[in-house]
Amino acid sequence: MTMTDSITELFEELVADGNDADDLQAFIDEHGKSYFESYIEDYLQAIDEYGEEVVESFIEIFDIDSIGSLSEAYQGQWNSGAEFAQNLAEDCCEVPRDMSSWIEIDWKASWDNLDYDYTEGSGGHIFSQNF
C-alpha cells in the first residue's frame, strides 16, 4: 500500500482509534485514496449512527461523495415504497389515520408519484433525493 504522508497519518490515527485496518484498506481499494482522505471520517460516523446496511444502501444510490448528506436524506426502512407513501400522507395530515376501512387508496401509485423526490435503496431503505 503506497500512500502519501497525510493519508498514512490519517490511516494510522484511525487504526489507533480502534478502527479495523482491513476495513479502512477496503474503503481505499473501493473508493480511492483521495476519497479516503476526504470522506472516511463521515463514512465511519455514518456507520456508527445508522449501521453498515443503511450506509451501503445510500452509497449504491448516491456515491461516497454524498455521505455527509445521509442524515438529511434517510427516511427510514419500510416494507415497501407504498407503505412509506401511506405513512407520509398520514403524517402530513392529507389522509386520516382512522379512515373507514371500505375506502381504498392505491399506495403503490402514490409511491410512483413520489419517485422524483424519494428513492428506495436495498433493504427497503428510503432516501430523499432533495438534500
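Predicted model: local features only at pLDDT ≥ 70, side-chain atom pairs only at ≥ 80, totals over all residues.
Which residue of S3 is the bridge partner of Tyr74? The partner is Phe127, and Phe127 is also the bridge partner in S3 of Thr119. As for the side chains of S3, which covers residues 125-128, His125 and Phe127 point one way, whereas Ile126 and Ser128 point the other way, and all of them are buried.

The hairpin of S2 and S3 has four residues between the strands, and within this hairpin Gly123 takes a positive phi near 75 degrees. Asp63 also has a phi near 75 degrees, a positive value, although Asp63 is a residue other than glycine. As background, most residues other than glycine have a negative phi. For those who want to find Asp63 on the screen, it sits in the loop that runs between helix H4, residues 52-62, and helix H5, residues 70-73. Asp63 counts as partly exposed because its relative accessible area is 48%, a value that falls between the limits of 20% and 50%.

Glu120 and Ile61 are 59 residues apart along the chain, yet their C-alpha atoms are separated by 8.9 Å. Asn79 itself is placed in the loop between S1 and helix H6, residues 81-91, and, with a relative accessibility of 71%, Asn79 counts as exposed.

Next come the charges. How many salt bridges does the structure hold? It holds one, and in that salt bridge the side chains of Asp112 and Lys108 meet at 2.7 Å, N to O. Both Asp112 and Lys108 belong to helix H7, residues 107-113, where they lie four residues apart, or about one turn of the helix. Asp112 is partly exposed at 37% relative accessibility, and Lys108 is partly exposed as well, with a relative accessible area of 48%.

There is also a negative surface patch, which is formed by Asp5, Glu9, Glu12, Glu13, Asp17, Glu41 and Asp42. Helix H1, residues 5-16, and helix H3, residues 33-50, each supply at least two residues of this patch, and H1 gives the largest share of it, namely four residues. Asp17, another member of the patch, lies in the loop between H1 and helix H2, residues 21-31. Is Asp17 buried or exposed? With a relative accessible area of 59%, Asp17 is exposed, and it therefore clears the threshold for patch residues, which is over 30% relative accessible area.

Leu44 is found in helix H3, and it counts as buried because its relative accessibility is 18%, which is under the limit of 20%. Val55 is found in helix H4, and at 0% relative accessibility Val55 also counts as buried. Between the C-alpha atoms of Val55 and Leu44 the distance is 9.4 Å, with the two residues eleven apart in sequence. For Leu44 and Glu56, which are twelve residues apart in sequence, the C-alpha to C-alpha distance is 12 Å.

Note on methods:
Residues numbered from 1 in each chain as written. Heavy atoms only, no water. Buried < 20%, exposed > 50% of the residue type's maximum accessible area, 1.4 Å probe, protein only. Pairing = 2+ DSSP bridges. Patch = residues over 30% accessible without salt bridge, like charges linked within 9 Å, V, L, I, M, F, W, Y side chains within 5 Å. Areas by Shrake-Rupley, 256 points an atom, 1.4 Å probe, with all protein chains shown as cover. Salt bridge = Lys/Arg side-chain N within 4 Å of Asp/Glu carboxyl O. Lys, Arg positive; Asp, Glu negative; His and termini not counted. Charge placed at Lys NZ, Arg CZ, Asp CG, Glu CD.
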